[in-house]
Amino acid sequence: MQYPEPIAKLIDSYMRLPGIGEKTAVRLAFFTIDMDKEDVSEFSKALVSAKSDLHYCSLCGNITESDPCVICADKTRDQQQVIVVEQVKDVMAFEKLRDYHGLYHVLHGVLSPSEGIGPEDINVKGLIRRLQANPEIKEVILATNATPEGEATAMYISRLIKPAGIKTTRLAHGLAVGSDIEYADEMTLFKAVEGRQEI
Ligand SMILES: [Zn+2]
């Protein structure tokens with residue numbers, strides 16, 4: 001038996017989400033059908049709004065409703081430090097640390113020659129532009145993941161900006177090799193920032 005088309009479409013939509021197989025998608029689809037009309041309407045509005053009302057900050061690349069984002073716009077934050085991360089989720093991880101009050105820069109990826117991802121495919125140019133426009137930035141903390149791609153990206157950026165006399169540091173390896181920032185607990189992240197070393 002085939003599902004009526006609206007259900008089949010819904011199942012298909014759920015299956016496009018990461019980690020959701022057919023069985024779960026079917027369960028979610030039937031759950032959705034049983035939901036209140038209002039709840040379904042709210043849910044669909046949230047999906048559309050997340051896509052249409054959010055964009056990337058033109059300064060740091062963080063996801064935001066306003067441009068510049070609230071972090072870039074907050075002049076009470078320490079304007080001398082910038083943490084460079086791979087993805088927006090990493091910003092959220094560092095924001096949980098009460099001890100960090102500096103700025104961020106989101107690369108939206110890492111260098112990966114095997115996947116054909118070069119410097120022009122990630123937000124490096126934006127970082128260089130920012131550093132040139134803001135001489136008050138004194139330190140760039142390279143917080144890419146402890147993966148080979150993350151390390152290579154950190155080295156690349158460090159070589160690029162060091163000649164400009166900006167201090168470049170790398171997170172300490174309290175983070176396990178191959179581990180992702182987004183999954184690190186607060187204490188580990190705090191120690192990684194505290195123990196950062198100049199590269
Ligand atoms: Zn921003």
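## Ground rules

Two strands pair if DSSP finds at least two bridges between them. Helices (H or I, at least four residues) and strands (E, at least two) are DSSP runs, numbered from the N terminus. This is a predicted model: local features need pLDDT of at least 70, side-chain atom pairs count only at pLDDT 80 or more, and totals for chains, interfaces and linings use all residues. Residue numbers start from 1 along each chain as its sequence is written.

## The sheet

Five strands form an open sheet in the order β4-β3-β5-β6-β7, with mixed pairing. β4 (103-106) and β7 (197-198) are the edge strands; each has a single partner strand, so one side of each lacks a neighbour in the sheet.

β3 and β4 are parallel, joined over four bridges. Val82 faces Leu103 of β4 there. β3 (residues 81-85) also pairs with β5 (residues 139-142), again parallel and over four bridges. In that pairing Gln81 stands opposite Glu139 of β5.

Four bridges join β5 to β6 (residues 167-170), and the two run parallel. Glu139 stands opposite Lys167 in β6. The bridge partner of Val140 in β6 is Thr168. β6 and β7 are antiparallel, with two bridges. Here Thr169 has Glu198 of β7 as its bridge partner.

## Helix α7 and the crossover

How does the chain get from β5 to β6? It passes through helix α7 (residues 148-161), and this β-α-β crossover is right-handed. Right-handed means that, with the strands pointing away from the viewer, the path from the first strand over the helix to the second runs clockwise.

## Helices α1 and α2

Helix α1 (residues 5-15) packs with helix α2 (residues 22-34) at an angle of about 125°, their axes 8 Å apart. Axes are lines fitted to C-alpha atoms, for helices over the stretch in contact, and angles run from 0 to 180 degrees between N-to-C directions. α1 and α2 are therefore oblique to each other. Under 35 degrees counts as roughly parallel, over 145 as roughly antiparallel, 65 to 115 as roughly perpendicular, and the rest as oblique.

α1 contributes Ile7, Leu10, Ile11, Tyr14 and Met15 to the contact. From α2 come Glu22, Ala25, Val26, Leu28, Ala29 and Thr32. Contact means C-beta atoms, placed from the backbone, within 7 Å. The residues of this contact divide into nine nonpolar, one polar and one charged. Ala, Val, Leu, Ile, Met, Phe, Trp, Tyr, Cys and Pro count as nonpolar, Asp, Glu, Lys and Arg as charged, and the others, Gly among them, as polar.

Definitions and conventions
Contact = placed C-beta atoms within 7 Å.
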